[in-house]
Amino acid sequence: MERLFIAININEAPRLSPLLKNTRVLLRKEGMRWIPENNLHITLRFLGSVSSDDIPKINRLVGQMAKEFDDFYFQLSGLGTFGTRVLWAGVEYNPELLELQEKIDEVLLPLFEKERREYVPHLTLARIKHLDNKNTFFKIVDANREAALDLVHVQEICLMKSELRLAGPVYSVVKKFPLHVHEKANCH
């Protein structure tokens with residue numbers, strides 16, 4: 001059994017990167033587990049523990065869907081939190097991103113139940129274990145809530161493996177699925 005999810009990997013984020021480095025410095029004394037920049041991603045669908053027999057089926061279903069889905073852009077914007085558990089960068093409303101997530105849910109129905117929770121696209125930056133100074137933490141988040149961050153061009157989605165380790169999860173690409181790329185993609 002492998003712990004799998006489908007995601008959009010964020011390979012470059014020139015505006016997010018300095019904000020992330022600065023925020024890490026400001027919050028260095030807090031009990032936070034930061035996601036390494038090379039592991040940043042937008043989860044489209046968490047699959048959980050998957051039998052190795054099902055991986056070729058997932059590859060076939062998602063691969064076929066991806067070929068028929070056009071590349072697109074989405075905008076990362078501002079910091080936010082899920083209470084005092086997760087620090088994230090937001091994603092501006094994007095119908096293509098939501099449609100992609102819905103199509104992934106649809107094609108995987110033969111293997112997985114439809115996700116019950118509403119999909120909230122976000123880029124997890126850190127998991128919070130404890131905060132000694134909540135006021136400082138929320139001041140930093142509030143000061144960056146409206147930060148204009150990166151425009152991300154989505155040309156592929158990935159089946160990812162998550163290995164849980166003491167130092168935090170390690171993510172690796174199992175398979176890449178290219179989207180149908182236009183020669184002149186619309187930039188929103």
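**The sheet and its surroundings**

Reply: Four strands make an open sheet in the order 3-1-8-9, with antiparallel pairing. Strands (E, at least two residues) and helices (H or I, at least four) are DSSP runs numbered from the N terminus, and two strands pair if DSSP finds at least two bridges between them. Strand 3 (41-50) and strand 9 (170-178) stand at the edges with a single partner strand each, so one side of each has no neighbour in the sheet.

Me: What kind of model is this, and how are residues numbered?

Reply: It is a predicted model, in which local features need pLDDT of at least 70 and side-chain atom pairs count only at pLDDT 80 or more, while totals for chains, interfaces and linings use all residues. Residues are numbered from 1 along each chain as its sequence is written, and side-chain values use heavy atoms, with hydrogens and water left out.

Me: How many bridges join strand 1 to strand 3?

Reply: Eight bridges join strand 1 (residues 2-9) to strand 3, and the two run antiparallel. Within this pairing, I6 has R45 of strand 3 as its bridge partner.

Me: Which helix packs on the sheet and touches strand 9?

Reply: Helix 2 (residues 55-67) packs there, touching strand 1, strand 3, strand 8 (156-163) and strand 9. Contact means heavy atoms within 4.5 Å. The direction of helix 2 makes about 50° with that of strand 9; axes are lines fitted to C-alpha atoms, for helices over the stretch in contact, and angles run from 0 to 180 degrees between N-to-C directions. Helix 3 (residues 95-107) also packs on the sheet, touching strand 1, strand 3 and strand 8, and its direction makes about 10° with that of strand 3.

Me: And how many bridges join strand 1 to strand 8?

Reply: Four bridges join strand 1 to strand 8, again antiparallel, and A7 stands opposite C158 in strand 8. Strand 8 is joined to strand 9 by eight bridges, also antiparallel, with E156 opposite P178 in strand 9. The hairpin of strand 8 and strand 9 has six residues between the strands, and there G168 takes a positive phi near 125°.

Me: Changing topic: is H41 buried or exposed?

Reply: H41, which lies in strand 3, is buried, with a relative accessible area of 12%. Buried means under 20% relative accessible area, exposed over 50%, and partly exposed in between (1.4 Å probe, protein chains only).

Me: What does the side chain of H41 reach at 2.8 Å?

Reply: The H41 side chain reaches the backbone oxygen of N39 at that distance. The side chain of H41 also makes a polar contact with the side chain of T43 (3.3 Å). A polar contact is a pair of N or O atoms within 3.5 Å; within protein, one must be able to donate a hydrogen and the other to accept it, and residues adjacent in sequence count only if both atoms are side-chain atoms. Not counting residues up to four places away in sequence, H41 touches residues including F5, I8, H122 and Y171.

Me: Which residues have the most contacts inside the largest nonpolar core?

Reply: They are I8, F74, L125 and I157, in a core of 52 residues. Helix 2 supplies the largest share of this core, five residues. A nonpolar core is a set of buried Ala, Val, Leu, Ile, Met, Phe, Trp, Tyr and Cys residues joined through side-chain atoms within 4.5 Å. A second, separate core of five residues includes F5, A7, C158 and Y171.
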